[in-house]
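Please open the model in your viewer and keep the sequence panel beside it. We will go from one selection to the next, saying at each stop what is there.

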Amino acid sequence: MAAAPLSRAERGIGRRDPLEPRGLVRLLATPAAFLSANWAAMLGILTVVGIVPALAAATRVTGDLEQHRDSAFTSALAHMRRTLRRDLPASLLLVLVLAGLVGNGLVLPRLDPSVRVFAVGVTVPVLWLLVTVMSAYVAVAARDQGAAREAVVLSALSLVTRRPLAALAAPALVVLLSPLWLLAPLTIACGFSVPPWILGRLWGPSAQPGEAHPPRQRSATRTTTSAS
């Protein structure tokens with residue numbers, strides 16, 4: 001005598017996971033993930049040499065909350081640990097860029113008007129370009145922990161050329177979001193999680209290492225196929 005088929009409830013179809021957050025808990029899970037990612041990023045930034053890995057970790061975690069919502073803090077720390085050595089030169093460059101911005105703010109007001117206009121015309125485009133490249137680097141570095149440094153650099157430069165509007169808007173967004181990381185209460189709450197999330201969305205999902213030269217890869221594939 002054949003056994004009766006199991007019902008949908010017995011097979012677990014249509015039943016929700018009892019451990020899945022619901023209601024108010026689910027509503028608070030996202031702010032908690034941003035707060036956790038922010039604190040992890042602050043720990044990395046305090047080391048100075050971990051600035052770029054910290055920003056990339058915050059971008060990675062906040063950009064994929066479905067995967068990292070319940071482990072935002074540990075996921076961010078793990079990303080920083082794995083990419084600290086790779087992104088060390090970028091962190092040092094970012095420190096120099098920040099020092100240049102501060103230096104401009106201190107020196108320019110003391111110059112004569114004619115010299116000030118010339119200095120602004122020379123330094124602002126250079127700093128704008130450096131901030132754009134660093135923002136693109138962080139977006140690319142957040143996508144792949146195992147990518148080589150050269151691949152991340154090439155992909156960041158390619159991203160800047162492929163997304164000119166984003167490249168123009170990135171430094172302006174950094175300035176617009178500056179109160180979040182300059183005002184202490186906001187910095188502690190979300191100063192290093194919300195800005196990376198916004199900039200990551202600005203650059204979009206195309207910020208992927210190893211995609212800097214897709215036509216060359218396709219041509220190489222066709223050559224291999226024809227040879228075989």
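How much space lies in the largest pocket? The volume is about 890 Å³, counted as the space filled by probe spheres set on grid points that are joined across faces, edges and corners. A pocket here is an open set of points on a 1 Å grid over the protein atoms alone, where a 1.4 Å probe fits, with protein on both sides within 12 Å along at least five of seven lines, and lining residues have an atom within 4 Å of a point.

This is a predicted model, in which local features need pLDDT of at least 70 and side-chain atom pairs count only at pLDDT 80 or more, while totals for chains, interfaces and linings use all residues. Residues are numbered from 1 along each chain as its sequence is written, and side-chain values use heavy atoms, with hydrogens and water left out.

Select Leu 94, Leu 98, Val 131, Val 174 and Trp 181, which are the closest to the centre of the largest pocket among its 34 lining residues. Next colour α6 (113-141), which gives the most to this lining, with nine residues.

Move on to the second largest pocket, with about 260 Å³ of space, and select Thr 59, Arg 60, Gly 63, Asp 64 and Arg 143, the closest to its centre of 15 lining residues.

Finally, stay with Thr 59, found in helix α2. Is Thr 59 buried or exposed? Thr 59 counts as buried because its relative accessibility is 11%, and buried means under 20% relative accessible area with a 1.4 Å probe and protein chains only.

Key:
Helices (H or I, at least four residues) and strands (E, at least two) are DSSP runs, numbered from the N terminus. Buried means under 20% relative accessible area, exposed over 50%, partly exposed in between (1.4 Å probe, protein chains only).
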